[in-house]
Amino acid sequence: MPGVPGLPAGDPAPLDDAVPQHVERVLAGYLDRRRTDVLGIDPKVARAVDALAGFVLGGGKRLRPTFAWWGWRGAGGDPHGEDAQGVLTAIASLELIQACALVHDDLMDASSTRRGRPTVHVEFAREHAAGGWSGPPARFGAAVAILVGDLAQVWADDMFHSAALPEGAHRRAAEPWRAMRTEVLSGQYLDVLAQASGDTAEETALTIDRFKTAAYTVERPLHLGAAVAGADPQLVGAYRRYGADIGVAFQLRDDLLGVFGDPRVTGKPAGDDLREGKRTLLIAAGLQRAEQNGDRAAHEAITGALGDPEMAGPALERVRSVLSELGAVHAVEQRIAALTGSALDALDAAPVAEPGRARLFELAERATRRAW
C-alpha cells in the first residue's frame, strides 16, 4: 500500500478495509522479532514463544484492535497519514492482552479446547507426558500456561509503549491502558469468586460482564483510540457509554452461545460454560424464575448441571429446555436488545467522524448478533 508510510508496498488492502489482516501482519512480525530475543537466552525458551505465537495467530476476530482503530478514525485519525503504522502497532498490542486473559482463563476453567485446538495447559501437559518427564504432567502444563500468559502481558506492554505515536499520545493513552488491565483482572477475580461462592445474583453477573469483558473488549479500546487521536471529553464519554453497553451485550451473546452454541461456530464443546460452573446472567435469570415459580425440578436441573464435568447429551438438552421454558433466554435477548439500543443512542448523539460512525454501528451489529 504505497500511500501509507511504514507499510510495505505489497500490502493487499487499505487499512480501513482490512484491519484484522493488518493487525495479524504486525503481530506476526513483532512476535518473530521477540522470538529472536529469547533465542539469546536459551533456544529452549522459543518453544514457549512458539506456543504463544500459535495461540495469537491461530484464530480470533481481532475485535479489540478493530474497535480501537475505529475509535481513532472516528476521532479524526487519518489512515493515510504518517501516524497510521504507529497506531496499528499500538492497537495490535491489545491482542496480546487478550491472549494473556484467554490462556489464564482456560487454565482456571480447566478448558480442554480453544478455537477447536488444545488449550495451552493441555498442550504442554501432553508434551510432558509424551516425554516421560518427572512430576505430574498437569502441573507442568499449568506452570507453562501461567508463564505464557504472563509473557503475553509483558510483551503487550512493550509493544504498546514502543509504538511510534505522535507526541503526547502515549501520555493521553496512559489512562485507558492502565485502567483496562486493572479492570479485566478485577473482573476475572470476581468471576472466580462467584464460581467458588455460588453467587448467582444477576447484579454480580452483570458486574463481571462489565469489567471482565466489556471494559477491555470495547470500552477501553475505543477510549484508547480516541486518546491517541486527541479526542475531546465529549467524544470519549460517548465512546465509553457505547463501549460499556455493547461490551456487556457481546458477553451476554457469548453466554447464550456457551449453552446453545454450535461447537463448529464457537470452537468450544457445547455446554462448556455449564460444566465450568459459570454464573452468567442466563443462569441467574433461570434460577430466579424457577424460584419465583416454585419450580424445584427446574431449579435442580440448572444447579445440578453447574460445575458437572460430565454434563452432556440428554442432561444438556434438559437444561437448555428448562432455561428456554422459564423465559431466561428471552430475558437475556431482551437485555441484549436494550443495551444495543442504548449504545447506539449514545453513538448517534456524539460527534463521530465518518466513516467511523458507520463502522461502529456495523460493529455493534456484528458483536451482538453472532450466529448460534
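The charged end of arginine 210 sits over the ring of phenylalanine 211, 4.8 Å from its centre. Arginine 115 places its charged end over the ring of phenylalanine 55. A charge counts as over a ring if NZ of Lys or CZ of Arg is within 6 Å of the ring centre and within 35 degrees of the ring normal.

The model is predicted: local features need pLDDT of at least 70, side-chain atom pairs count only at pLDDT 80 or more, and totals for chains, interfaces and linings use all residues. Residues are numbered from 1 along each chain as its sequence is written, and side-chain values use heavy atoms, with hydrogens and water left out.

| Charged end | Ring | Distance to ring centre |
|---|---|---|
| Arginine 115 | Phenylalanine 55 | 5.0 Å |
| Arginine 210 | Phenylalanine 211 | 4.8 Å |

Next, the aromatic pairs. The whole structure holds 5 of them. In one, tryptophan 69 and tryptophan 72 are tilted, 4.9 Å centre to centre with 50 degrees between the planes. Rings of Phe, Tyr and Trp (its six-membered ring) pair if their centres lie within 6.5 Å; planes under 30 degrees apart are stacked, over 60 edge-to-face, the rest tilted. Both tryptophan 69 and tryptophan 72 lie in helix α3 (residues 63-74), 3 residues apart, about one turn of the helix. Helices (H or I, at least four residues) are DSSP runs, numbered from the N terminus.

Tryptophan 69 is buried at 0% relative accessible area. Tryptophan 72 is buried at 5%. Buried means under 20% relative accessible area, exposed over 50%, partly exposed in between (1.4 Å probe, protein chains only).

Elsewhere, Phe124, Trp133 and Phe140 form one aromatic cluster.

Key:
Helix = DSSP H or I, 4+ residues; strand = E, 2+ residues; numbered from the N terminus.
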